[in-house]
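Have the structure open while you read.

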Amino acid sequence: MPSASLPKTTKVWTVEGTNGFDSLKFNKEAPIPAFSDNEVLIKFHAASLNYRDLIIPKGEYPLPNTPGVVPGSDGAGEVLAVGSKVTRFQPGAKVLTLFNQRHISGSLDPSTATSGLGGVLDGTLRQYGVFDENGLVSMPSNLNYLEASTLTCAGVTAWNALYGLKNLLPGQTVLTQGTGGVSIFAVQFAKAAGATVIATTSSAQKAATLKKLGADHVINYKDEPNWGEKAKSLSRGGEGVDHILEVGGPSTMKQSLEAVKIDGVISIIGFLGGGSKEKEPSFLDALKKVCTVRGLVVGSRGMFEEMNRAIEGNHIKPVVDEKVFTLEELREAYQYMWDQKHFGLGRALSASSRHFSIEQIEIELLQVGTPFGLDPLMLFVRSGNFSR
């Protein structure tokens, strides 16, 4: 695209303060900065909203964030133009944003841990954005923009849990909790790898959803309060679970420790259960079980690219439940998410139209979840003539 025809301004939201959703400010014509030799200009077609995005304007996010930041970490878009030294992408490429922009491979360090989009660095809730080429990955060819924009946070987190420390192997057992996005992705990834999946949930409706996605066993934790022992009995040879995705926190960790196999891995991702009146497990409990308990925050670009290859090779499709808002209605979308943050998969929300004019931007709210705690919905912004 000739430089003269490139957009000069963008519609954009910023977070100005910590007074709740009133801190979200909309600018219809913010200037687009010039991109350097190693940067690319992106037109966003979809951007998903996580629970983290809700608590930043409320002043409740425990990690660093920059005043006036553009919110949103998850985005899918099209490369419009590239700098003179860019080698990873060409105009027209379909790309996704990396959560921590400097986390290319290996473990997090103080630098990479403070490069999060929508927190420290400007994020995805805008029409156009400039990004370093190293903070982007190619979009899986079997997904559309809306589906692909769910991957940055929930998808990569699930992949990290299963492959970030010890690779999941065929025939092993995986335990997931609930129907949030990370848990749903973990079910899909684990089944594609030939693992046995045990899932916990609280209702027959959600159990049916998990079964359709491939879960081999579903335990209703309300009917089976000691579900850890039950999960262990369902594992291969009754030896215990190899990989557990722990999203409940203190209220479920005791059961996860009951379920885990010797030398198994418990990946702590969220805190759905909040606080617990019961005595929390200690380091000694982990030692007694001879297991690894690890915390994680999303994952590296290398993990993202590995996951995308698996998604393409196994034709995996994210599970989404949709609702539409316009970009100008972002505050209403935040409030909707906040009010519905415990809402489970399987309920139909209003369907969206399938085509948009080039000037129009729509936001879709889809239930996928996040690694940052609660089991919320996700929100999608899309623009241009885009058809699913």
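## The antiparallel sheet

Let's start with strand β5 (residues 94–97), which pairs with β7 in the antiparallel sense over 3 bridges. Strands count as paired here if DSSP finds at least two bridges between them. Helices (H or I, at least four residues) and strands (E, at least two) are DSSP runs, numbered from the N terminus. Within this pair, Thr97 stands opposite Leu136 in β7.

This is a predicted model, where local features need pLDDT of at least 70 and side-chain atom pairs count only at pLDDT 80 or more, while totals for chains, interfaces and linings use all residues. Residues are numbered from 1 along each chain as its sequence is written, and side-chain values use heavy atoms, with hydrogens and water left out.

Zooming out, β5 and β7 sit in an open sheet of 5 strands with the order β6-β3-β4-β5-β7 and antiparallel pairing. The edges are β6 (128–132) and β7 (136–138); each has a single partner strand, so one side of each is left without a neighbour in the sheet. On average, neighbouring strands of this sheet are turned by 45° against each other, direction ignored.

Which strands does helix α9 lie across? Helix α9 (residues 301–314) lies across β5 and β7, running at about 15° to β7. For angles like this one, axes are lines fitted to C-alpha atoms (for helices over the stretch in contact), and the values run from 0 to 180 degrees between N-to-C directions. Contact means heavy atoms within 4.5 Å.

The axes of α3 and α9 come within 9 Å and cross at roughly 90°. The two helices are therefore roughly perpendicular to each other; the scheme counts angles under 35 degrees as roughly parallel, over 145 as roughly antiparallel, 65 to 115 as roughly perpendicular and the rest as oblique. On the α3 side the contact includes Leu151, Val156 and Trp159, and on the α9 side it includes Met303, Phe304 and Ile311. By class, the residues of the contact of α3 with α9 divide into 8 nonpolar, 4 polar and 1 charged. In these classes, Ala, Val, Leu, Ile, Met, Phe, Trp, Tyr, Cys and Pro count as nonpolar, Asp, Glu, Lys and Arg as charged, and the others, Gly among them, as polar.

## From α3 to α4

Helix α3 (residues 151–163) also packs with α4: their axes come within 8 Å and cross at roughly 55°. That makes α3 and α4 oblique to each other, and their crossing is right-handed. A crossing is left-handed if the near helix is turned anticlockwise from the far one by less than a right angle, and right-handed if clockwise.

Among the residues that meet here are Leu151, Ala158 and Leu162 in α3, with Val182, Phe185 and Phe189 in α4. The contact of α3 with α4 has 10 nonpolar residues, 3 polar and no charged.

The chain crosses from β9 through helix α5 (residues 204–212) to β10 in a right-handed β-α-β crossover; right-handed applies if, with the strands pointing away from the viewer, the path from the first strand over the helix to the second runs clockwise. As for β13, 4 bridges join it to the parallel strand β12 (residues 260–268), and Ser267 has Arg294 in β13 as its bridge partner.

## Helices α6 and α7

With helix α7 (residues 250–259), α6 packs at an angle of about 25°, their axes 7 Å apart. The two are therefore roughly parallel to each other, and the crossing of α6 and α7 is right-handed.
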